[in-house]
Amino acid sequence: MRPGSSAMPLGGGVGRGPGPTRVMPAGSSGSSGAPSRGVFPVGTHPIPEGPSHPEVQPERAPLRPRRGRRPLRWVAAILVLLLVLVGGRAAWLWHDVDSKLQRVDALSGAKDTSGETWLIVGSDSRADGGVPQDGTEGARADSIMVLHKASNGQASLTSLPRDTYAEVPGYGGDKINSAYSYGQAPLLVETVEKLTGLTMDHYVEVGMGGVTHMVDAVGGIEVCLDYDVDDPDSSLVWDTSKGTCQKVDGDKALAYSRMRKSDPTGDIGRAQRQRTVVSAVVSKTMSIPTLINPFRQDKLVDSGTKALTVDEDASMLDLAQMVLAFRSASNDGLTGAPPIDSLDYEPGGIGASVLLEDTTAPDFFSKVRSGKLSTSDFDQPSS
């Protein structure tokens, strides 16, 4: 050996120069102290990867998107689209109904009373496709209903028999439906306000001939009657062998709501059946099959706007609140006629009329205004 040479040659072999090198793990250092880029001596092994060597991080697999997220995004997008379509449809229907409704200057402008009150009138003009009866000529208020929602939230629906004796402003004592014949909606509103002590906030008139189309638009309704009828005046034929409750179309619903001569309770029973028909139409209008059926909705809007006439100030919101109040009164059983003193009152000059208890049933209408009615307050004629 030459002087100064090392005892052991590098590379592990005697008398050989530096042997081949191998790639070292990143982070190791060479003779200069600087990190060597992946070089380590022959015969050594790379540092094993794993938790015992934290300085070496194992290679991670690329992240994969979660499979569940994409379907959820599609569901959310579809729901948003449906909401937009439904909202757009509702807005269009709202505008369509509001623009097509017939309007009349009916309100009296009297001082407002507490709560909200609607006068709902069934108009029997003999020119709206209805069934003529009784030999009556000209326009008449075939049914008169006062729907009131008191300040405490109680809703009630009072049917005033069309022959109810009342003071008609400018004409004296007469049957209440004659007010419509004398002065149409404005005079009828004044007459009802005088009788009840309630200011009418809104007026809604339903052409009775339009009942046919409205019932057909909702696919028919179910009504009940527990005795047989063959009434030529109203055209109602009812056979209880087919059931006391039957599904009827528009024509039969109209005959059902008009019949009174074959009814042992006369106009009282007639008013009750009219409330039944209107209530059934309202229920079918708010049912799921109607709400999700655009074709049925269009038919209902078309028939309803042709049959309805409202006061000039009535909005779609007012009509929606009326429907809700009507349904609430029906569900709570707060519907019917006021207490009746006589069904055959004859003051002279107007024939037989219906006399309310104490003439104007002041106690009853006081309860209406204050929202303190009970079901027993209705239809209690004196013996």
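**Entry 1**

I began with F365, which is buried, with a relative accessible area of 2%. I note at the outset that this is a predicted model. I then looked up F364, which counts as buried at 4% relative accessibility. Both values fall in the buried class because that class means under 20% relative accessible area.

I next examined how the rings of F364 and F365 are placed. A pair of aromatic rings is described by the distance of the centres and the angle of the planes. F364 and F365 form an edge-to-face pair, with 5.2 Å from centre to centre and 80° between the planes.

**Entry 2: F378**

I turned to F378, which also pairs edge-to-face with F364, at 5.4 Å centre to centre and 80° between the planes. F364 lies in helix α9 (residues 362–370) and F378 in the segment after α9, so this pair ties together parts that are 14 residues apart in sequence. F378 is buried, as is F364. I record F364, F365 and F378 as one aromatic cluster. For the whole structure, I noted five aromatic pairs.

**Entry 3: a charge over a ring**

I looked up Y256 and found the charged end of R273 over its ring, 5.9 Å from the ring centre.

**Entry 4: the disulfide**

I asked how many disulfides the structure holds. It holds one. The disulfide is formed by C224 and C245, whose sulfur atoms are 1.9 Å apart. The pair links distant parts of the chain, 21 residues apart: C224 belongs to strand β10 (residues 221–224) and C245 to strand β13 (residues 245–248). The link of C224 and C245 is right-handed, with 105° about the S-S bond.

**Entry 5: the nonpolar cores**

I then consulted the largest nonpolar core, which has 33 residues; L119, L188 and V192 have the most contacts inside it. The elements giving two or more residues to this core include β4 (116–124), β5 (140–149), α2 (178–196) and α9. Its largest share, eight residues, comes from α2.

Leaving aside neighbours within four places in sequence, V192 is in contact with residues including L119, I144, V146 and M200.

Notes
Residues are numbered from 1 along each chain as its sequence is written. This is a predicted model: local features need pLDDT of at least 70, side-chain atom pairs count only at pLDDT 80 or more; totals for chains, interfaces and linings use all residues. Side-chain values use heavy atoms; hydrogens and water are left out. Rings of Phe, Tyr and Trp (its six-membered ring) pair if their centres lie within 6.5 Å; planes under 30 degrees apart count as stacked, over 60 as edge-to-face and the rest as tilted. Buried means under 20% relative accessible area, exposed over 50%, partly exposed in between (1.4 Å probe, protein chains only). Helices (H or I, at least four residues) and strands (E, at least two) are DSSP runs, numbered from the N terminus. A charge sits over a ring if NZ of Lys or CZ of Arg is within 6 Å of the ring centre and within 35 degrees of the ring normal. A disulfide is a pair of cysteine sulfur atoms within 2.5 Å. A nonpolar core is a set of buried Ala, Val, Leu, Ile, Met, Phe, Trp, Tyr and Cys residues joined through side-chain atoms within 4.5 Å. Contact means heavy atoms within 4.5 Å.
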